[in-house]
Every structure is written in C-alpha cells, then in structure tokens.
Amino acid sequence: MTPDALQGPEAIRDMFARIRGRYDLLNRLLSLGQDVGWRRLMARRVAARRPRRILDLATGSGDVWLALRRACAGAELIVGADFCQPLLALAGAKGAAPLVAADALALPFADGSFDAITVAFGVRNFADRAAAFRECARALRPGGRLWVLEFTPPPRAIAPAYFFYVGRVGPWVARAVGADPAAYRYLGESIRHFPRAEDLAGELAAAGLTGAGFDLLSFGTVALHWAECRPRE
Ligand SMILES: C[S@@+](CC[C@H](N)C(=O)[O-])C[C@H]1O[C@@H](n2cnc3c(N)ncnc32)[C@H](O)[C@@H]1O
C-alpha cells in the first residue's frame, strides 16, 4: 500500500483505528525502544521553556502527553488532541486528560491559546501540512513554540539498509504480532516521500512561524523541529 492508496483523512483515521491494539508494542519493537527516548527528549526541551498551557496534537495513544506530564511540572494544562477516537480512548486509559477529538486542520481552540504545541509522528499523516502549521501558528501565543518530532529521510549512505528495515522488516514484524502489515508498508512509503528536514523547516517558515530549527537524532533518521509564533500585528 502506498501513500496514494491511503489518501484522505478517513483512510488515515481508519488505519490508526485498525492498528490501535498493537500500536505501542510496534513502536517499541520497530524503533528498538528508541521511541521512548525521542519523546522524552522533546518533553525535556519543551519543559526547559516552562510553558503553562500545552497542546499535544496527534496525541494518539498518549505517550507524548505522559512524557510532557512528567517533564513539565509547572504546566497548568496539557491537552491531548487527535481525530482518531479509538486512539484517544487508549490515551485516556493511560490517564491522559483532557482529551479533545479534533482535526489538526481546523483546531477548536481560540487564537493564542497555548505556550507550546507538540506533534510527534503526526505531521507525516496530515492531509494538508501547510494548513495544519497555520492552525498551530494561530493557536500559539506570540513567542509560543511548535515542536515537531518526525521521521526524516535518512542520509544517503544508510538509506538502502534503512528502507529495507522499515519497508520489509517492519511489515513482517507487524504481521508476526497480529497487526495490519499494510499500515507498516505505508509507514516506510510515507517516510520515503516526506520532505527532508531542511525543507520541512522551510514549510514552517512559510506557515508564518519564525526561528525554525531542527536537530537530527538516531543517525539522521528522526528530526526534532521547532519554530515560534511571530508577534501579532
Ligand atoms: C503515528 S501516530 C502518533 C501518535 C503519538 N503522537 C505518538 O507519538 O505515538 C499519528 C497520529 O496522528 C493522528 N492524526 C493524523 N492526522 C490527523 C489530523 N488531521 N488531525 C488530528 N490527528 C491526526 C492519528 O490519528 C494518529 O493518532
């Protein structure tokens, strides 16, 4: 299955609903446990700026929400939002609250509501990234920061081995644990077609955010991006 076969928000939502029972397990297995560290790193970087009101967008099964709760002791509100109800139910079962069913392309929050917005492994699945980034810019207060943790096309030297692992081993492991292998073929294809980190930084700037930067993690296979909301005119 290619990203073309999974075009449209309904197909993406259904795919995540289908794999919910094995979602966390496959994150741990396929990342060899590194996904926990990636989320914690983002949460620590968010916490260093002492945000009071945080939105974890595309919160999924809530693991970023939990990492933020542990790291951001002074935060008065951490909202988890996602458009897939079955995944929100998993997040709720882990203790995440409040949770809001919401589409990233039309956020149900007033302008300037948040000091920080995080999105982990979500933007690759958004039907319209530019619209979602504009929504994040609108929902942030001036000076507030958007954080995007996402896979990124790997350096050329490791690309063949990486895409063999993600594209062949991933679906095989998914099938072995009883999950839909097509969803994990989609994972590999969606990473292959995703913009490089430099280009994603350009997209953040085009959405009206400023000071875009990123760090590469895990041999350049994952990027932690950030960008800030400009002062309003
Ligand atoms: C790969 S999961 C990531 C979940 C979580 N952030 C994590 O780190 O495990 C991607 C999530 O993005 C959500 N998603 C995709 N498109 C969305 C949209 N337009 N609005 C809200 N959530 C969306 C999916 O429902 C899914 O929960």
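The crossing of helix 5 and helix 8 is right-handed (left-handed: the near helix is turned anticlockwise from the far one by less than a right angle; right-handed: clockwise). Helices and strands here are DSSP runs, numbered from the N terminus (helices H or I, at least four residues; strands E, at least two). This is a predicted model, in which local features need pLDDT of at least 70 and side-chain atom pairs count only at pLDDT 80 or more, while totals for chains, interfaces and linings use all residues. Residues are numbered from 1 along each chain as its sequence is written.

Stay with that first pair. Helix 5 covers residues 129–139 and helix 8 covers residues 197–206. They pack at an angle of about 55 degrees, and their axes are 9 Å apart (axes are lines fitted to C-alpha atoms, for helices over the stretch in contact; angles run from 0 to 180 degrees between N-to-C directions). Helix 5 and helix 8 are therefore oblique to each other (under 35 degrees is roughly parallel, over 145 roughly antiparallel, 65 to 115 roughly perpendicular, the rest oblique). Which residues meet? Helix 5 brings Arg 129, Ala 130 and Phe 133. Helix 8 answers with Glu 203, Leu 204 and Ala 206 (contact: C-beta atoms, placed from the backbone, within 7 Å). This contact of helix 5 with helix 8 holds 4 nonpolar residues, no polar ones and 2 charged ones (nonpolar: Ala, Val, Leu, Ile, Met, Phe, Trp, Tyr, Cys and Pro; charged: Asp, Glu, Lys and Arg; polar: the others, Gly among them).

Now move to helix 2 and helix 3. Their axes are 9 Å apart, and the packing angle is about 45 degrees. Helix 2 and helix 3 are therefore oblique to each other. Helix 2 passes helix 3 in a right-handed crossing. From helix 2, the contact takes in Arg 39, Arg 40, Ala 43, Arg 44, Val 46 and Ala 47. From helix 3, it takes in Asp 63, Val 64, Ala 67, Leu 68 and Ala 71. By class, that gives 7 nonpolar, no polar and 4 charged residues in the contact of helix 2 with helix 3.

The crossing of helix 1 past helix 6 is right-handed. Leu 26, Leu 29 and Leu 30 of helix 1 meet Gly 170, Val 173 and Ala 174 of helix 6. The contact of helix 1 with helix 6 has 5 nonpolar residues, 1 polar residue and no charged ones.

In what order do the strands run? Seven strands form an open, mixed sheet: 3-2-1-4-5-7-6 (strands pair if DSSP finds at least two bridges between them). Strand 3 (99–101) and strand 6 (209–217) are the edges; each has a single partner strand, so one side of each lacks a neighbour in the sheet. From one strand to the next, the twist averages 20 degrees. Strand 4 (residues 114–120) runs parallel to strand 5 (residues 140–151), and 6 bridges pair them.

Of the 22 residues around the ligand, Ala 58, Gly 60, Cys 84, Ala 104 and Ala 120 come nearest (a residue is near if its C-beta atom, placed from the backbone, lies within 6 Å). Helix 1 (9–30) and helix 3 (63–71) each supply at least two residues of this shell. Helix 1 gives the largest share, 4 residues. By class, the shell has 13 nonpolar, 5 polar and 4 charged residues.

Finish with two backbone spots. Most residues other than glycine have a negative phi, and most peptide bonds are trans. The peptide bond from Ala 97 to Pro 98 is cis, with omega near -5 degrees. Pro 98 sits in the loop between helix 4 and strand 3. Leu 32 has a positive phi, near 55 degrees. Leu 32 lies in the loop between helix 1 and helix 2 (34–47).

How values were computed: Two residues are in contact if their C-beta atoms, placed from the backbone, lie within 7 Å.
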